[in-house]
Structures are given as C-alpha cells and as structure tokens.
Amino acid sequence: MTENGAEEVWRIPIDRSQAPAREPGPIDLRRNFLQAAYSGIPTFMGVPVCLNQEDLRAGAVDVAVFGVPLDSSSGHRGAAYGPRALRSDERYLFNTPELLVNASTRISPFNLLKVVDYGDAAVDIFSVEKSLPSIAATVREVAEVGAVPVILGGDHSLMIASVGALADMYGPDKVGVVHFDAHPDCHEHIFGHRITHGTPIWRLIEEKKIPGKNFIQVGLRTPTGPDDSLFNWMRRAGLRTHFMVEVERLGFNAVLDKVIEEALDGPEFIYLSLDIDVLDPAYAPGTGTPEPGGLTPRELFPAFRRLCAETNVIGMDVVEVAPHLDPGYSTTMNARRAIFEGLTGLAMRKAGMVSTDYVNPIASGQLKFPLT
C-alpha cells in the first residue's frame, strides 16, 4: 500500500490458485521444433519459460534470462522496450536454440546449459527507486537456486539492485564488476538525482556493496565525463578503468588480457555489465547516449565469451538498448549476440574448457580440415 492508501497494482502477482495443477519445471512454448524467429510466442532465443522459483529448481536451470523494462532514470527514453526487442527482433536466426553453434569455438551452449526465460521483473514505470527492491528480489530468486541471472535492460540504474543483491548474497568483498560502457556511471548525482542510469557505481561503492578496486571499466570515451573531480574520485576509490585511448594505443587484445587478470585479482565472483553504447554507433545506434569511437562487435564478442569462460561469472546484464532509435536492428542483434557469446563462455566453463582464449583450432585456421 502507498502512503495515500492506494494499492500498488504493479507489485501484485498473478493469482494462479484456480489454474490447472501442473508439475513444476520449464515450459516450452514452441509448437514445432524448427521455426522462424518471427513466429510463435517470443522468448529469448526460443528457450522455455519458468514462472517461479519452483520451476527453476525442478528444471535444474543454469541460466535464467529476465527483463527489466524500465527507463525512467534516463535522459532519453526508449530502453524500457529493450527486453521485448531482445526477445522478438531477431531477423535471421531460427528460434531453435538446440541447433545454434558458436562459430569461434564450435560449442552449442544451449545443449550444455539449461537456459530459460524468466519473464520480467515487476517495475513501477514511474519510479526507478520503487522498482529497485523488486529487481533485487528477482535476482535473488534466480541466484538462490544456483542459476546465473542474465538481465535484459532497461537502463543502467538496474545495476544498483542487481549487483547489490548479489553482493548481499555472496559478500561485498567477493564480488567484482566488469563494466563495459562509454560513460563512467559513477556520478554522485545527475541534476540532483542520486538514483539514475549515471550513478549506480557511486552508490554501490559509497553504500559499501562493492569495493572500488573490484570495479573494472572498459571503453570510456565521452567528452561529458569524468571531469577532474570525478576522475580523481575514481582514482581514490581504486577503480581500474581502461579508457578507449588505451585500446587505441595498445590494441584491444592487450587490454582484454589486463581486464581478465584484474578480474581474477581479488574478487571471487564476477558480474558483467554491458551498456550497449560501449559499441561504436556504427554498430549500435539504438541507444540514448551514443558516443563515436567505440568498440566493434569483433572486439566485444570474444571479450564476453572469454570473461564467462575464464572467470567465475554469477550474473550479467545488457542495458540501454533503445530499439526505436535503431532503424537497421543492428543494436538489438549485436546485444543478443553478445549474450550468446557470454552463454557460450558459461557453457565452456561448465564443460571444463577454461584455457586462455580457447577457439576451435579448425575454425581458427590453426589446423586444416581433415581430408576424409
């Protein structure tokens, strides 16, 4: 109940007491095994649905994908439509996850992992502050059964709840965050507002959820920040930040090696946070804060795969996808493929394939195709 006594209907779950009884477990919504991505009821890459924690447990789920359709803390709206687009805007791949093979590793992640769509967290479309506890509760529902939450944003304010929930579960010194973004997102406030898509890191550090040294940032390049004051705060807090100029001077592979080394230096668990604007607008125009001079998909995809294979990832998000700004669908496609690479890395780790930068030797040209 709110202060004036009006019921907050957005929090009320569906009453299933009169529904037919069923055994708990994932529900496959497909009618046919092989179907085009634009047919059927859209779930993330066509995976089954779970409705509650009992379904997750019964299905021995490894990964649960869920949406956070919220953008009320963004200056430019539209990211609230990101989760729906990431589920339904595929233009090419069929919605038969069992047949998808990672081209670089020849791994079929959906055959090694049990991946489900967990629907969307309940959000108050007028208040990010009221939405944060609901987002955190959904993260905990997934993590408590030993599954990895993969969050489809929505704007970056959701990280306050998602990382905060995991830090509360595992311990603040044990969780690290690898943060891909064009922007630092560690302002104390934006125009006087402390809960926004530009303030999650400041809040997580100042509220003692995550130590500054456990934040690793990749891709920063905006002329709007950090200013000298924030730049010095980041250094005092111990953030390990890799600006795009470092990528330009050293090459992305060298920077990525440093990022993985830092991710393994201290935290026991890693959370990946991908603001899609880390990509150059040539590849991701569908975001509210595009910045020229960013990463390419060819750099981002192996980074996500390697981090998920070579570190202990317990959660990830992909945020700030604003599909109405993307006439060519490239933003959604690249965001979805980044998640696919992350799932591939998780599958590799589950299978014990944790060697540094593994790729299939035939696909990579290291071995010739067999003659027979």
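How much space lies in the second largest pocket? About 650 Å³ lies there, the volume being the space filled by probe spheres set on grid points that are joined across faces, edges and corners. A pocket is defined on a 1 Å grid over the protein atoms alone, as an open set of points where a 1.4 Å probe fits, with protein on both sides within 12 Å along at least five of seven lines; its lining residues have an atom within 4 Å of a point.

This is a predicted model, in which local features need pLDDT of at least 70 and side-chain atom pairs count only at pLDDT 80 or more, while totals for chains, interfaces and linings use all residues. Residues are numbered from 1 along each chain as its sequence is written, and side-chain values use heavy atoms, with hydrogens and water left out.

**The sheet**

Helices (H or I, at least four residues) and strands (E, at least two) are DSSP runs, numbered from the N terminus. Two strands pair if DSSP finds at least two bridges between them. Strand 5 (residues 215-220) pairs with strand 6 in the parallel sense over 4 bridges, and glutamine 217 stands opposite threonine 241 in strand 6.

| Pocket | Volume |
|---|---|
| Largest pocket | About 810 Å³ |
| Second largest pocket | About 650 Å³ |

The largest pocket is lined by 36 residues, and His187, Ile190, Thr196, His197 and Gly198 are the closest to its centre. Helix 7 (228-237) gives the most to this lining, with 3 residues.

In the second largest pocket, 21 residues form the lining, with Pro13, Ile14, Leu51, Asp120 and Ala122 nearest the centre. Helix 4 contributes the largest share of that lining, 5 residues.
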